[in-house]
Amino acid sequence: MKKLFSTLLVFVLVVGLLAGCGNTDSSGDVTGEQKGSGDGNLKVAALLPGPVNDQGWNATAYNGLKLVEEKFGAEIAYTESVPVSDYEETFRNYAVAGYDIIIGHGFEFGDTAMKVAPEFPETKFIVTSTNISQEPNVASLNTDNFEQGFIQGVVAATLTETNTVGAVGGLEIPPIIDSLRGFEVGAKYINPDINVLTVFTGDFEDAAKAKEMAVALIEKGVDILMVDADQAGIGSIEAAADKGILAIGANGDQNALAPDTIVTSGVDDLAMALEILVQDILDGKFEAKYYDLGVAEGAVYLAPYYGFEDKLAQEDKDAIAQVIEDMKSGKLDAHSLDK
Amino acid sequence: MLDLITNFLASDFRTATPILLAAIGLVYGQRAGIVNIGAEGMMLTGALAAVVGSFWFGSAWAGALLAMFSALLISLIFAYLTISVRADQVVVGTAINILGLGLTTSFARVIFGVNTAPPKIDAFEPIAVPVLSKIPLIGPVLFQQNALVYVALIVVPIAYFILFKTDIGLKIRAVGEHPKAADTVGINVYRVRYGSVMVSGLFSGLAGAYVSLGLLSFFTENMVAGRGFIALAAVIFGKYNPVGALGASLLFGAGEALQYRLQASGTDIPFQFLLMVPYILTILALCGFVGKSQAPAASGQPYVKE
Amino acid sequence: MAKRNSVNVVDKLGEGLKSLSLPLLSIISALILGAFVILAMGLDPLSAYQNLIKGSLGSVNAIGETLVKTTPLLFTGLSYALARRCGLFNLGAEGQLYMGGFFASVVGIYIKGLPIFVHLPLALIAGFIGGGLWGLLAAWLKLKFGASELITTIMLNYIATHWISYLVTGPMKEPPGDFPQSAQIEISAQLPRIVAGTRLHLGLIVALIGIGFFYWFLWKTTIGYEVRVVGENSEAAQYAGMNISRNALLAMFIAGGFAGLAGSSEILGVQQRLFQNFSPNYGFDGIAVALLGQNTPIGILLAGILFGILRSGANMMQMAAKVPIAVIYIIQALVIMFVVGSNLFNILKRKRIVAAIAKGGKLEC
C-alpha cells in the first residue's frame, strides 16, 4: 500500500511539473485566441480521415490545401487519420489557433462541425461529401461522387468488349457508395443490358486484398475496371495492369500510377471546388449552404486520355464527350436516372 | 468449370503464401517455447524494407534480403526482451507490432516522400516452370507462380526435416517442451531460443517481402493487414508442424479466395459477412476439426537458468 | 520490532520511489529516441514535445481531453489485467469494446421514454454484458475445444468490427439512411459532461469505480482470490479443489465486460452514435496500460493517464509541429520495451545476490 502511495505521490509531482512547463509554454499564445485572422494572413486547415499519401480521397484534400496555399498565400495545416473520438477536439484546436477556414474532409465530420461551429462564429467550417449547412458558418462542399461514378460508367460501357464492367470500392461510405452506384447507372445509361459487377474490400489499407478482388472480377470477364479504394486501390490497378485490361482511376488523375493501364480517371476536383469556395469567402459572398459542385460546375470531369488518346476510336471519344457535354448543358441529369 | 477451379486454387496459393512463409518461421519459435505475437510488426517491417531494397538496389531479391535482415533486427529486440530479460512475450509482441506500424509509416514517408506515386520498382514476377506449367489444373496453380511461392513450397519439407529428423530440431523441441531437462543434458536453452526467434524473424521478413513485392510492387501503410495474426493461427491449427502449417495456410487462403469470388458474383449476402469468413474458419479450425493441437509445454514461459 | 517497523516505512517509500524511477526513466528514454526519429523526418523535436505537453496538459480543456482518452484506456487496461491475473491472454479487448458499444447503442437508441437514472445504467449494463459475452465466448471455446484464447480473441476482433460495419450500413443505419452511422443515442442514455467547457464525461467516474471494483474483486473476495490462485498456479488451484473452468469463464466475462464498458462509454459519452471503426485501437493499447501498471489498480490508473497524455498530445503535435501520429506509435512501443527491458536490472541484481551467496557473503534481502 505504501508503495502505491509513494508511486502516486511521485506521479502527481511529475505531472505537476510537466503541467507547469505546459502552462508557461502556452501562456504566450493564449492572448492571441480566436484572433488569428487579424494579421491578414488567411489560415486554412483540414481534418482528414486517412493518410495524406493515399493517392486518393485524402490526397485530393491535400492538393486542395496546396492550391489554396499557392493561390491565396494561405497558411495551411492538416491533421491526418483523425480518429472519430478526436473530431471535436481537433476542430476546436484549429479554431482556437485562429484558423479562418476549417475543412472536415468527409460526411463523418458533419455532426461535430455543427456542434463546434457556434462557439467560433468567425471561423468558417466546411464539410465535404455531405449536404449539411448551419447558419452562419457551416457549409458543405460536395464534389458530386455520383456524377464522378456516372461518367466513369459511361467510359467503361463505351469501351468494353466483353460487355462486363466492374468496380472495386473500399469502405462502404457515402463517397464510395455514390461513385459505385453512379458507375452502374452510367454504364447502364450507355447500354441497359451491360453486366456491372461491384465489390467492396471493407478497408482502405489492404492493397493485396484489393488486388485479389480485382483479379476475381477480371476472371468473371470484366475488361474495364473502375477503382475507388484510395491506397488499397493501387493494388486493384496493378491487377488490371497484370491482366492487361484497362482501369479507370478515381478521385484524382491517377494516370501516373500506371500509364499503360489507366485509360482515364473520374476526377472530383476538390482543389478547384475549394478554390471557388475560398474565393467566395474572401469576397464576402460566403453562405451557409450546400455547395454542390458537379460536372456542370467543372468540379467533376474526366482526366485526359494521355497515351490512350490515339488508341481509342474517335467515335467512342466523341460519344463520351457528348454525354459530358449534355451533363454540362443541363440536358442530362444523371441523378434523375437513379431510382 | 476447370478454369474456375484453376483460378480459385491459383488465388488460394497466392493468398496463402505470406501466411505460410510467416508460419514456417513461427513454428520454430513456438517449438522452442516462444509465442511471437509480433509477427505482424515484423512482416510490416519486411514489407517496407523489401520495397526500399528493390528501390535502392534495383532488384527484388535485394529487396527480399533487406526485408529479411530488417525483420531479423526486430526479432533480435524481441529475443533479447523475451529471452534474456524474460519479459512477457505477448506484451513484447504487441509492442513490436506498434513499433512496426510506427516505424514503417514514418520511414516510408521519409524515403518516398508524401503524396507521390509509388516509384516503379523490380518485383517478383510469375515464372512459368517449363513443361510442368503446361499440365492442366496443377500447372497454372503450382508452376506459374512467382519465385517466393516456390521458395515457400520448397522450404516446407526442409523445415519439417530439420525440425523432426535432425539433432538441431530435437534440441529445439526439447527446449520448448522441457527447458530444464534440456539444460541438464547440456543444451544451451538461450542460444536455441535466440536462434529460433531469429528464424521466425527471417521468415516473417520474407513473408512481408512477399506481400509488398510478390503480391504487389509497392508499400502502403499497414498493408500486412492482420496476416501476421493469421499466420500465428496457422501454426496452432497446423499442430506446430511446417506441413500442417501449409495445410492451414491453404485453408485460410481458400477462405479468402472464396470470399473474393462470392462478392464478384454479386451475391446478396452483405459483404461484411463474407469478410468474416476467413476469421470464422480460423476459429472453427482451432476448435479441433483436425484433433487437438497441443502447444509445447513450456510455451510462453521464460527460462531461468538456476 | 517497533523500531524496525518505523525504519520500514522510510525504506518502503524509498523502494516505491525506486519502483517508479524505472518506468519514468523508460518514458524519458523513449522520448529521447523518439526525438531522433522526429529529427530524421526533418522536423523539430523540441517544438513537437512542447506541443505534446501543451496539447495534453496545457489548459483545462486539454486536460479534459486527456482524461476523455484515458477513460477507455482504463477499461481496456483493466480488461487485459483481469484476464492476465487469471492466467489468460485477452487480446480481444478491441472486439469486446465494439460489442459493448453495440449493446449499449441498442439500449440507448431503441428504448425510449425512460428517466436518465434508469436508462443510463441500463445502457451501461448492456454494454458490460455485450463485451462480457464476447469475452465469455473466447473462454468457452478454450475450455470446450481447447482453442487458444490468444488467437480466438484476435479473430473475434475482426468478426466484431465487420459486424459493426454491417450494422451501421444495414439494420441500424439512421433513417433516411445516407450515412453509415446509427441514430443518436437518446439524451437519457448519454453520459453527462462533468466539467463545463470540456468533453469530460461521467464515464471517467465509471472507470474509477471500475478500478475500485477490480481491487475489491481480486483482493477482497474469495472468488477473486481463487481467480488469482488459478492464474498463478493452476495445478495448486486444482489440488485445492478450485473450479478452474468456472474461474476462467468468470474472469473472461468480467474482462470482456470492462472492455465493453470502454466501448459504451465512448458511444454514450463521446460520440453519441454508433460508427464503424470508432475505436482508435484502444483495445490493444490496453495491453500496454496493463503492463505499465503491472496489473495493479493504481498502476493502471497512472499508465492510463500517461497513454491519454500521449494520445491527446499527439493531436497538437501533429497540428502545430506537423509530426505524423506514427511517431507516437514509435514512442509508445519504446516505452513498453524500456519498461519490460528495465526488468534486466532486477535480473542483474539477483545475479549479484547469487554470486554473493556463492561467495558465502551475508545478504540483506
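Me: What is a salt bridge here, and how many does the count between chain A and chain B give?
Reply: A salt bridge is a side-chain nitrogen of Lys or Arg within 4 Å of a carboxyl oxygen of Asp or Glu. The structure is a predicted model. One pair across these chains is Arg109(B) with Glu80(A), whose closest N and O atoms are 2.5 Å apart. Between chain A and chain B the count of salt bridges is four.

Me: Which element gives the largest share of the side of chain A that touches chain B?
Reply: In this interface, 33 residues of chain A are in contact with 31 residues of chain B, and about 2,800 Å² is buried between the two chains. H2, strand S7 (195–200), helix H7 (207–219) and helix H8 (230–243) of chain A each supply at least two residues of the side that touches chain B. The largest share, ten residues, comes from H7(A).

Me: How many charged residues does the side of chain A that touches chain B have?
Reply: Of the area buried between chain A and chain B, 53% is on carbon and sulfur atoms. Twelve residue pairs are in polar contact between these chains, with both residues at pLDDT 80 or more. By class, the side of chain A that touches chain B divides into 15 nonpolar residues, eight polar and, as for charged residues, ten.

Me: Which residues of domain 1 of chain A lose the most area to domain 2 of chain A?
Reply: The domain assignment gives domain 1 of chain A as 36–144 + 271–293 and domain 2 of chain A as 145–267 + 301–331. Together the two domains bury about 1,000 Å², 57% of it on carbon and sulfur atoms. Three residues account for 49% of what the side of domain 1 buries, and they are Gln55(A), Trp57(A) and Asp144(A).

Me: How many salt bridges does the count between domain 1 of chain A and domain 2 of chain A give?
Reply: Twelve residues of domain 1 of chain A are in contact with 14 residues of domain 2 of chain A. Five residue pairs between these domains are in polar contact, both residues being at pLDDT 80 or more. On the side of domain 1 that touches domain 2 there are three nonpolar, seven polar and two charged residues. For salt bridges between the two domains, the count is zero.

Me: Why does the pair of Arg199(C) and Glu88(A) join two chains?
Reply: The side chains of Arg199(C) and Glu88(A) meet in a salt bridge, with 3.8 Å from N to O. Arg199(C) lies in the loop between helix H6 (149–169) and helix H7 (203–220) of chain C, whereas Glu88(A) lies in helix H3 (residues 87–96) of chain A, so the pair joins two chains. Arg199(C) counts as buried at 2% relative accessibility, and buried at 3% is Glu88(A).

Me: How many residues apart in sequence are the parts that Glu174(C) and Arg273(C) tie together?
Reply: Glu174(C) forms a salt bridge with Arg273(C), the closest N and O atoms being 3.2 Å apart. Glu174(C) lies in the loop between H6 and H7 of chain C and Arg273(C) in the loop between helix H10 (244–271) and helix H11 (282–292) of chain C, so the pair ties together parts whose separation in sequence, in residues, is 99.

Me: Is Asp285(C) buried or exposed?
Reply: The side chains of Arg311(C) and Asp285(C) meet in a salt bridge at 2.8 Å, N to O. Arg311(C) counts as buried at 14% relative accessibility. Buried means under 20% relative accessible area. With a relative accessible area of 4%, Asp285(C) is buried.

Technical notes. Residues numbered from 1 in each chain as written. Chains lettered and ligands numbered in written order. Predicted model: local features only at pLDDT ≥ 70, side-chain atom pairs only at ≥ 80, totals over all residues. Heavy atoms only, no water. Domains from an automatic or database assignment. Contact = heavy atoms within 4.5 Å. Buried area = accessible area lost by both parts, 1.4 Å probe. Polar contact = N/O pair within 3.5 Å; in protein donor to acceptor, adjacent residues only side chain to side chain. Nonpolar A, V, L, I, M, F, W, Y, C, P; charged D, E, K, R; others polar. Helix = DSSP H or I, 4+ residues; strand = E, 2+ residues; numbered from the N terminus. Buried < 20%, exposed > 50% of the residue type's maximum accessible area, 1.4 Å probe, protein only.
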